Amino acid sequence: MLSRWINSNTILSAPETLVKYGLLGGIGYAVMGAIALFLFGLIAPSIQKRFPNALTIGDILYERLDRRSYWFAMLVLVITSFDYLLIQVLSIGIIVHLLLKIPSYIGLLIFLLYCYVLFGLGGMKRIHKFKAIHISIVFAAIILIPVYFFIKEGIYPVYDGLTLYHPYLLYFKDTYILLFVLTGLIVSIGQLLIDRSTWQRIYVIEPSKIRSSFFMTGIIWSAIPLAFTSITLITIHNQGFEGVNSILNQLVEKVDSAFLIILFIGCCFSIIASTTGAELHATSIMIVRNILAVYFNWDSKQQLKKTYLAAGALCLALFFTSIALSPTLVSIIFFFGKIYAAAIPTMLVVIFYKKTVPKYLPYCSLAGGLFSNIPIYGVSNLTAIWISFGLSSFFIVCYLAINQIGKKPE
């Protein structure tokens with residue numbers, strides 16, 4: 001599970017958060033992800049107990065929702081799945097171009113072939129087999145690189161360099177950080193609640209260990225953004241920088257050890273490959289099991305073969321989309337952050353509402369997400385995410401109340 005949630009945002013967003021919000025921003029980024037995993041760990045045993053026969057999130061939605069609402073929910077899941085995969089692919093393109101100085105499309109092609117052969121064809125067994133290797137590479141990098149720098153440069157020179165070049169990073173000067181952390185927490189919770197791979201893992205873990213597994217994942221995960229924050233501080237402590245992407249170039253220039261450079265590149269590749277592989281596997285299963293198999297009477301072997309085709313089709317779509325459109329990571333993250341926030345109240349009703357879920361409930365989240373995109377002067381992207389969450393919650397509460405009133409005898 002840990003390899004699933006250490007993703008490209010950890011590499012690119014942690015340095016950007018530090019630069020924009022200071023040291024507390026880097027710490028807050030680590031805390032919000034850990035809290036989201038803690039909270040999901042609290043409700044995961046209830047999910048497993050209430051839906052014992054389910055294997056995927058699609059199984060639960062099929063059981064709880066009206067057929068029209070089910071197909072709408074599946075459409076949202078497919079779109080958000082493709083969004084998440086696209087973010088990973090765009091990130092690897094950026095990193096390959098910055099670190100290896102090769103065209104991004106070549107790096108993307110190699111990366112997608114690797115993910116398809118290893119995880120798309122290998123399945124869950126191959127994911128579990130390679131996750132230990134990927135996690136070992138990641139922790140080796142985040143431990144050895146900071147230790148190497150602190151032994152070489154010393155702790156006090158790094159601190160003195162920061163106070164000279166970037167003193168604003170070391171103190172709390174922007175109250176906007178609190179809104180950023182809380183918004184990130186909301187988005188993380190929403191992403192967990194509709195994440196295909198995480199829901200699969202709920203039914204793989206033993207019931208007695210499921211809560212502790214999520215708690216430990218949150219604790220260990222929080223160390224990863226903190227490590228990349230420290231690497232960023234080390235990189236810029238004695239010089240300026242042109243942008244967040246230039247920090248990666250400066251890091252490679254400062255590391256005079258070929259082993260550590262290879263280790264850092266392997267760390268970036270392992271993080272994104274493990275996340276992409278898990279999401280590719282979960283999404284292809286969802287498409288075959290919860291969408292296509294509803295119409296076609298396929299047995300388990302036929303579904304497995306169709307899963308390989310679905311994974312291959314996803315890889316091709318990701319490659320051509322990233323080459324043709326090249327959307328920015330920031331625009332994608334903020335746009336889909338509203339979707340994740342809007343999905344929270346719907347998923348909580350699906351999980352905890354003991355009565356029959358009303359027919360048009362998911363459309364309340366759609367309305368909240370659409371209204372949050374109406375241009376309002378002076379509203380930031382972070383505030384728009386809260387508007388999406390608030391409106392969706394309001395519409396759902398009103399709809400449930402009206403639905404209950406309508407059922408009462410006159």
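**Entry 1: second largest cavity**

I began with α13 (258-295), which gives the largest share of the lining of the second largest cavity, three residues. Helices here are DSSP runs of H or I with at least four residues, and they are numbered from the N terminus. A cavity is a set of points on a 1 Å grid over the protein atoms alone where a 1.4 Å probe fits but cannot get out; lining residues have an atom within 4 Å of a point. This cavity holds about 40 Å³ of space. I took volume as the space filled by probe spheres set on the points, with points joined across faces, edges and corners. Ile145, Leu251, Val252, Val255, Leu260, Ile261 and Phe264 form the lining. The elements that give two or more residues to it are α12 and α13 (258-295). By class, I found seven nonpolar, no polar and no charged residues. Nonpolar covers Ala, Val, Leu, Ile, Met, Phe, Trp, Tyr, Cys and Pro; Asp, Glu, Lys and Arg are charged; the others, Gly among them, are polar.

**Entry 2: ground rules**

I noted that this is a predicted model, where local features need pLDDT of at least 70, side-chain atom pairs count only at pLDDT 80 or more, and totals for chains, interfaces and linings use all residues. Residues are numbered from 1 along each chain as its sequence is written, and side-chain values use heavy atoms, with hydrogens and water left out.

**Entry 3: largest cavity**

How many cavities of 30 Å³ or more does the structure hold? I found three. The largest has about 50 Å³ of space. Its lining includes Ile11, Pro15, Phe228, Leu251 and Phe264. Two or more lining residues come from each of α2 (8-21), α11 (210-236) and α12 (244-254). Helix α11 gives the most, with four residues. The classes are eight nonpolar, two polar and no charged residues.

**Entry 4: nonpolar cores**

I looked next for nonpolar cores, sets of buried Ala, Val, Leu, Ile, Met, Phe, Trp, Tyr and Cys residues joined through side-chain atoms within 4.5 Å. Buried means under 20% relative accessible area, with a 1.4 Å probe and protein chains only. The largest core has 105 residues. Phe40, Ile47, Leu61, Trp199, Ile202 and Phe228 have the most contacts inside it. Helix α5 (residues 67-100) supplies the largest share, 14 residues. Another core, of seven residues, lies apart from it and includes Leu18, Val158, Leu233 and Ile247.

I then checked Leu61, leaving aside its neighbours within four places in sequence. Leu61 is in contact with Tyr70, Ala73, Met74, Leu77, Met347 and Val350, where contact means heavy atoms within 4.5 Å.

Leu90 sits in helix α5. Leu90 is buried, at 11% relative accessible area.

**Entry 5: cysteines**

I searched the whole structure for disulfides, pairs of cysteine sulfur atoms within 2.5 Å, and found zero. Cys115 is buried, at 0% relative accessible area. Cys315 also counts as buried, at 8%.

**Entry 6: second largest pocket**

I ended with the second largest pocket, which has about 500 Å³ of space. A pocket is an open set with protein on both sides within 12 Å along at least five of seven lines. Of its 24 lining residues, Phe72, Val76, Ile339, Ser365 and Leu366 are the closest to its centre. Helix α15 gives the most to the lining, with eight residues. I noted 18 nonpolar, five polar and one charged residues there.

Terms used: Buried < 20%, exposed > 50% of the residue type's maximum accessible area, 1.4 Å probe, protein only.
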